[in-house]
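This briefing is written for a reader who is new to the structure shown below. Please keep the sequence and the 3D view at hand while reading.

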Amino acid sequence: LLEVGLEDTDRILNSYPGELSGGQRQRVLIAMAIANNPKLLICDEPTTALDKDVAERIVELIKKLHDEKKMSVIFISHDIDITRRLCDRIIIMQNGTIVERGKADVITDAPKTEYAAELIRAAKGRDYKAISAEAAENRGKAELSEAAGNGSGEQENIITVNNMSVSYKLPHGRKLDVIKDLSFSVRKGETLGISGESGSGKTTVLKALTGMKEFIGDVKVDGRFTMVFQDPFSSLDPSMRVGDMLREVLCLDEKRRRKMKTNASAADASEANIKEEHEGMRGIKTNAGTIRERISKMMADVGLDDSYLNHYPDELSGGQRQRVAIAMAFITNPDIVFLDEPVTALDVTIQDKIMTLLATLKGRYNMTIVMISHDGRLLSNFCDRVLKISQ
């Protein structure tokens, strides 16, 4: 444990994994891997779920162990910048085949293939705020986009948090205070980024805002919201086709809307119509047209054609699954979308495509977005403001 930088050994040894931060858990895994002095250490995306600072420390740790123990290291990653700094040679793979190989600095400085060049370009990021502003302008909302983007507009607050504190109960009557007296606000139409080290409480903040975690303090969320999770494979129902999942979201939303407008007896009658529409995609009309039309339009918005409606999640790639998750979040036209590390598990080229998609949809639908990420460069390229949370 000391070799991997965990000095509080007594506490670590007596802790369950859930009581450690992401960086601490990764260090424990590395300690387990090197305990018997292996000749080869295989690292499969060891920094993907970690914030940049912790990722840097993990990379430095692997380099240190490599030098001291004379181990060979195979480092698998979609972060070509980290790979370049850690590795002697790089192999770039696409669709199961090697498309380029060579010394790390040669490949990153002068890639020979278009795919390698695309990886390097994507790693540098782009101005997603400009993409969002362009999409807003195309719908005649440039003024609102500008007000939210430059922070000078007088938009009303759609989220207000005053002195929020959140804690977790631990075994043996112990308590872990994760969030203490946190206060912030988000304006309507704004994009707020939340950053912080692993274990700082970023996801806990979203859980409190969305009612998934109890808290102390004053929190007001003035609008309907949806959420896009980090792992789309876990958040999508594996037993349902894409079309069925989107249809279910719309039917439930229509049911909620009708219950708000009618009395109990009328709501019961509406529920029968919803069941018919859920089974046969007939009957229900909305302001945007039929459910079928809305689903088809949303699929087009996220860059998927209608043939994917008959696919199950395990028949899709990671990027395709995340597009479906985004479609489910945006299809009901919510006021607020919460994004919890929406591109962490994707390679940099797919990350760029997903972030471009999110920026376009944000401008097109003029939604308020709160996004968690440990990638500071990504947040600065996408968000109007960034809130940093410390442990």
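The points that follow are grouped by topic, after a short note on the basis of the values.

This is a predicted model, in which local features need pLDDT of at least 70, side-chain atom pairs count only at pLDDT 80 or more, and totals for chains, interfaces and linings use all residues. Residues are numbered from 1 along each chain as its sequence is written, and side-chain values use heavy atoms, with hydrogens and water left out. Helices (H or I, at least four residues) and strands (E, at least two) are DSSP runs, numbered from the N terminus. A residue is called buried under 20% relative accessible area, exposed over 50%, and partly exposed in between (1.4 Å probe, protein chains only).

**Aromatic pairs**

- A pair of aromatic rings is described by the distance of the centres and the angle of the planes.
- Rings of Phe, Tyr and Trp (its six-membered ring) pair if their centres lie within 6.5 Å; planes under 30 degrees apart count as stacked, over 60 as edge-to-face and the rest as tilted.
- Two aromatic pairs are present in the structure.
- Phe225 and Phe338 are edge-to-face, because their ring centres are 5.7 Å apart and their planes stand at 70°.
- This pair links distant parts of the chain, with Phe225 in strand S9 (residues 225-228) and Phe338 in strand S12 (residues 336-340), 113 residues apart.
- Phe225 is partly exposed at a relative accessible area of 34%, whereas Phe338 is buried at 0%.
- Phe330 and Tyr365 form a tilted pair, because the ring centres are 6.3 Å apart and the planes are at 55°.
- Phe330 belongs to helix H14 (residues 318-330) and Tyr365 to helix H15 (residues 348-365), so the pair ties together parts that are 35 residues apart in sequence.
- Phe330 and Tyr365 are both buried.

**A charge over a ring**

- A charge sits over a ring if NZ of Lys or CZ of Arg is within 6 Å of the ring centre and within 35 degrees of the ring normal.
- Lys213 lies over the face of Tyr168, 4.0 Å from the ring centre.

**Salt bridges**

- A salt bridge is a side-chain nitrogen of Lys or Arg within 4 Å of a carboxyl oxygen of Asp or Glu.
- The whole structure contains 18 salt bridges.
- One of them joins Arg187 to Glu190, with the closest N and O atoms 3.3 Å apart.
- Arg187 is buried at 14% relative accessible area, and Glu190 is buried at 0%.
- Glu190 also meets Arg385 in a salt bridge, at 2.5 Å from N to O.
- Glu190 lies in the loop between strand S6 (175-187) and strand S7 (191-195) and Arg385 in strand S14 (residues 385-388), so this pair ties together parts that are 195 residues apart in sequence.
- Arg385 is partly exposed, at 33% relative accessibility.
- Asp244 and Arg247 form a salt bridge whose closest N and O atoms are 2.1 Å apart.
- Both Asp244 and Arg247 lie in helix H11 (residues 242-261), three residues apart, or about one turn of the helix.
- Asp244 is partly exposed at 25%, while Arg247 is buried at 10%.

**Cysteines**

- A disulfide is a pair of cysteine sulfur atoms within 2.5 Å, and a search of the whole structure finds zero disulfides.
- The closest cysteine sulfur to that of Cys87 is in Cys43, at 9.0 Å, too far for a bond.
- Cys87 is buried at 18% relative accessibility, and Cys251 is buried at 4%.

**Positive phi angles**

- Glu45 has a positive phi of about 50° although it is not a glycine.
- Glu45 is found in the loop between S1 and helix H3 (52-69) and is partly exposed, at 26% relative accessible area.
- Lys70, also a residue other than glycine, has a positive phi near 55°.
- Lys70 lies in the loop between H3 and S2 and is exposed, at 70% relative accessible area.
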